[in-house]
Amino acid sequence: MINRILQFFGVKKKITFPISMNEEAIDMILSNKEMLVWKLPPPMHIYQAARERFGPTVDWDNGTIFTWGYNVFARRDLTPDLWIHEETHVRQQTTRGISPDEWWEKYLDDSHFRLDQELEAYQAQLDFIKIHNKQRDEHAKMKHRIALLLSGPMYGNITSYQQVLTSLK
């Protein structure tokens, strides 16, 4: 049973879970319709495709977060603002009439689509920060970090730093 979940996610090493699960529990997890955060590596076909496309800056072991359908794969706990960012990706992948695999294919191949998806997610994250952190200098620092990320190799250098600053409110 546990092997079925691990195979589904492409995990090849032995992982011990603190509880045992029956078939019903496994089916419930795999058919879940709410966001779940897993401290497991993402599906291997997604991870390998992202590494091939963007290189070593995409590294789950060093904190790159992956969303696939309702499942978020993060090595560490999500901060509330990251939760909002990933929740945006969950919505993008589950409510727009395409499967998570189709979304990922388009995300990896189409830089305009990738930029649109990330700007939407980062804007939601930034809006959350603005509501919950009233220090304006923190908003500017976050905008700067987002602009560096989106204009850098992790996202395939899809835009300029200045364009990100202009696009985010």
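**Exercise 1. Around Gln-93**

*Solution.* Start with the ground rules. This is a predicted model, in which local features need pLDDT of at least 70, side-chain atom pairs count only at pLDDT 80 or more, and totals for chains, interfaces and linings use all residues. Residues are numbered from 1 along each chain as its sequence is written, and side-chain values use heavy atoms, with hydrogens and water left out.

Step 1. Locate the residue: Gln-93 lies in helix α4. Helices (H or I, at least four residues) and strands (E, at least two) are DSSP runs, numbered from the N terminus.

Step 2. Apply the contact rule: heavy atoms within 4.5 Å.

Step 3. Check one pair. Gly-69 is 24 residues from Gln-93 in sequence, yet their C-alpha atoms are 5.5 Å apart.

Step 4. Check burial. Gln-93 has a relative accessible area of 1%, so it is buried. Buried means under 20% relative accessible area, exposed over 50%, and partly exposed in between (1.4 Å probe, protein chains only).

**Exercise 2. The α4/α6 pair**

Describe how helix α4 packs against helix α6.

*Solution.* Step 1. Take the geometry. The axes of α4 (residues 80-94) and α6 (residues 111-132) come within 8 Å and cross at roughly 145°. Axes are lines fitted to C-alpha atoms, for helices over the stretch in contact; angles run from 0 to 180 degrees between N-to-C directions.

Step 1. List the residues. On the α4 side they include Ile-84, His-85, Thr-88 and Arg-91. On the α6 side they include Ala-121, Tyr-122, Gln-125 and Phe-128.

Step 2. Sort by class. The contact has 8 nonpolar, 6 polar and 4 charged residues. Here Ala, Val, Leu, Ile, Met, Phe, Trp, Tyr, Cys and Pro count as nonpolar, Asp, Glu, Lys and Arg as charged, and the others, Gly among them, as polar.

**Exercise 3. The cores**

Find the largest nonpolar core and its sources.

*Solution.* Step 1. A nonpolar core is a set of buried Ala, Val, Leu, Ile, Met, Phe, Trp, Tyr and Cys residues joined through side-chain atoms within 4.5 Å.

Step 1. Count. The largest core has 29 residues, and those with the most contacts inside it are Phe-66, Trp-104, Tyr-107, Ile-146 and Leu-150.

Step 2. Assign elements. Two or more residues each come from α3 (44-54), β2 (66-68), α5 (100-109), α6 and α7. The largest share, 6 residues, is from α6.

Step 3. Look for another. A second, separate core of 5 residues includes Met-35, Ala-74, Leu-78 and Val-90.
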